[in-house]
Amino acid sequence: MSYKFVIDAKLIIEMALIKPNAALRMIEQPCLLVHGAEDSMVPVAISRDLARRVPRIRYVEVPGMDHGITDVNDEDGTSEASQRNFELVASMVSAHIRGTR
């Protein structure tokens, strides 16, 4: 299965409405920011910069992960690599919620 990324009105509106910088300034608790190193939609430089500027962000960059949790080489999200990404991100979120690393 192959898919194509489409920039349409819905995406443009969503991108205009989501302002993570402003939202993170309002949150006082520690934040976990997980970014796929191979993200095809959001450049990793944006998250790296945000993590440098907001000290309460714990930034984790996952090698081989695309946008979401899929592996960059997985077109339908069913590969073992995508499953490992899911398990890794789930464990990081769980540890973050518990206050452990």
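These legends accompany close-up views of one predicted model. Local features need a pLDDT of at least 70 and side-chain atom pairs count only at pLDDT 80 or more, while totals for chains, interfaces and linings use all residues. Residues are numbered from 1 along each chain as its sequence is written, and side-chain values use heavy atoms, with hydrogens and water left out.

**View 1. Strands E1 and E2 pair in the parallel sense.** Strand E1 (residues 31-36) and strand E2 (residues 57-62) are joined over six bridges, where strands (E, at least two residues) and helices (H or I, at least four) are DSSP runs numbered from the N terminus, and pairing requires that DSSP finds at least two bridges between two strands. Glycine 36 stands opposite valine 62 in E2.

**View 2. A salt bridge links glutamate 61 with arginine 48.** The closest N and O atoms of this pair are 2.7 Å apart, a salt bridge being a side-chain nitrogen of Lys or Arg within 4 Å of a carboxyl oxygen of Asp or Glu. The pair links distant parts of the chain, since glutamate 61 lies in strand E2 and arginine 48 in helix H3, 13 residues apart. Glutamate 61 is partly exposed, with a relative accessible area of 27% (buried means under 20%, exposed over 50%, and partly exposed in between, with a 1.4 Å probe and protein chains only).

**View 3. Arginine 53 forms a salt bridge with aspartate 49.** Their closest N and O atoms are 2.9 Å apart, and both residues lie in helix H3, four residues apart, about one turn of the helix. Arginine 53 is partly exposed at 45% relative accessible area, and aspartate 49 is also partly exposed, at 30%.
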